[in-house]
Number of protein chains: 2
Amino acid sequence: MTYTIKEVSEKTEISIYTLRFYDKQGLLPFVARNSSGYRAFTDGDLSLIHTISCLKNTGMTIKDIRRYIDYVMQGPATIQQRITLLSEHRKKVEARQRKIAQNLQEIDYKLNVYQSPNAVATVTKEQQFVQQEKTINQLPNPYAKTILSK
Amino acid sequence: MTYTIKEVSEKTEISIYTLRFYDKQGLLPFVARNSSGYRAFTDGDLSLIHTISCLKNTGMTIKDIRRYIDYVMQGPATIQQRITLLSEHRKKVEARQRKIAQNLQEIDYKLNVYQSPNAVATVTKEQQFVQQEKTINQLPNPYAKTILSK
DNA sequence: CCTTGCCCTAGAGTAATGTCTAGAGTTTAG
DNA sequence: CTAAACTCTAGACATTACTCTAGGGCAAGG
């Protein structure tokens, strides 16, 4: 039993356009064609496309995904290269996850300020500090535009 | 005391090109100019650019960052809008983080297979399954290319 | 003064990742 | 048998986010 591109698109939530684009980019060399030249996806193909999705979702570039797929197509001899590629990717993803978590904490800090009962006072004070800083350096007040436009 | 664009670029690790690009995109309306038309960055500006970095690093689009900055420029009246914008962004980032963590687990699963002592056997078996599947459906064997090219 | 190294803008160019269109062939339900 | 719904390719177009170039002005040291 095989699947059409439409069925695969629905199963994987990858658009038909994107599937064809991936094929053009060499990400789907394992997908066979039937006698009419239509792509005939097997379950094994779906499994590989799932792996491609994982790599894509974790931010791997198409170029690197293609490298991985190339290794897969070359069989067991390339297991070591696959390990290297995936471990390095893993490291990068973890580093990025950590950085995002840090940045999220800073956003949370902002949110706390905004949600505190004296948010208006805090924000007003910050704005005054900025205005003062600009004045000291003989620079125009950036908030002036808003004030003038009233 | 103010900073030149070069100094800000070094402090923030954002390229001069990008800083000017951000300014063009309306992300830096608060940065003043000196008498020669040069940007003069203050400490308050750096703080806002840091916030912009946090939003950018967590994947917010320039368009949405501009919305946030616009709110900031409008003063305390927009605190509620800022809360809404940041909370929604927060939710999206957390969802994305979770998805990435899941995908990373699947990559880890792959890595475990590759790193196990019988990796070659597992991979070979997988490959045979795919070949079988293709044969059953009267489709060409995708691995054939590699074999033939030897 | 003059050279070197900054700064500026406008706008062109690039890279990655899709997304869509045109034109043509295939399959399927009535 | 025909219309509707699907498939294909090639290639144009879109989007996001930079990145760079050209052409010119300003500033600081010798």
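This is a predicted model: local features need pLDDT of at least 70, side-chain atom pairs count only at pLDDT 80 or more; totals for chains, interfaces and linings use all residues.
Residues are numbered from 1 along each chain as its sequence is written, chains are lettered from A and ligands numbered from 1 in the order in which they are written, and side-chain values use heavy atoms, with hydrogens and water left out.

Let me begin with chain A as a whole. Chain A holds 7 helices and 2 strands, where helices (H or I, at least four residues) and strands (E, at least two) are DSSP runs numbered from the N terminus. Read from the N terminus on, the order of these elements is α-α-β-β-α-α-α-α-α.

How far does the C-alpha trace of chain A span along its principal axes? It spans about 75 × 40 × 35 Å. The radius of gyration of chain A, taken over C-alpha atoms, is 26 Å, while a compact globule of 150 residues would have one near 15 Å; that globule rule is 2.2 Å times the number of residues to the power 0.38.

As for the surface, 41% of the 150 residues of chain A count as buried, and here buried means under 20% relative accessible area, exposed over 50%, and partly exposed in between, with a 1.4 Å probe and protein chains only.

UniProt, in an unreviewed entry, places the feature "domain: HTH merR-type" at residues 2-71 of chain A; its positions are given in the numbering used here, feature names are shortened, and annotations may be inferred rather than shown by experiment. Over residues 2-71 the chain is 60% helix and 6% strand, with the end C-alpha atoms 24 Å apart.

Now we move to helix α6 of chain B, residues 119-136, where K134(B) lies. Is K134(B) buried or exposed? K134(B) counts as buried because its relative accessibility is 0%. Leaving aside residues up to four places away in sequence, K134(B) touches F30(A), V31(A), A32(A), T42(A), D45(A), L139(B), P140(B) and P142(B), a contact being heavy atoms within 4.5 Å.

Helix α6 of chain B is also the place of E126(B), and E126(B) is partly exposed because its relative accessible area is 41%. Finally, E126(B) and R98(B) are 28 residues apart along the chain, and their C-alpha atoms are separated by 29 Å.
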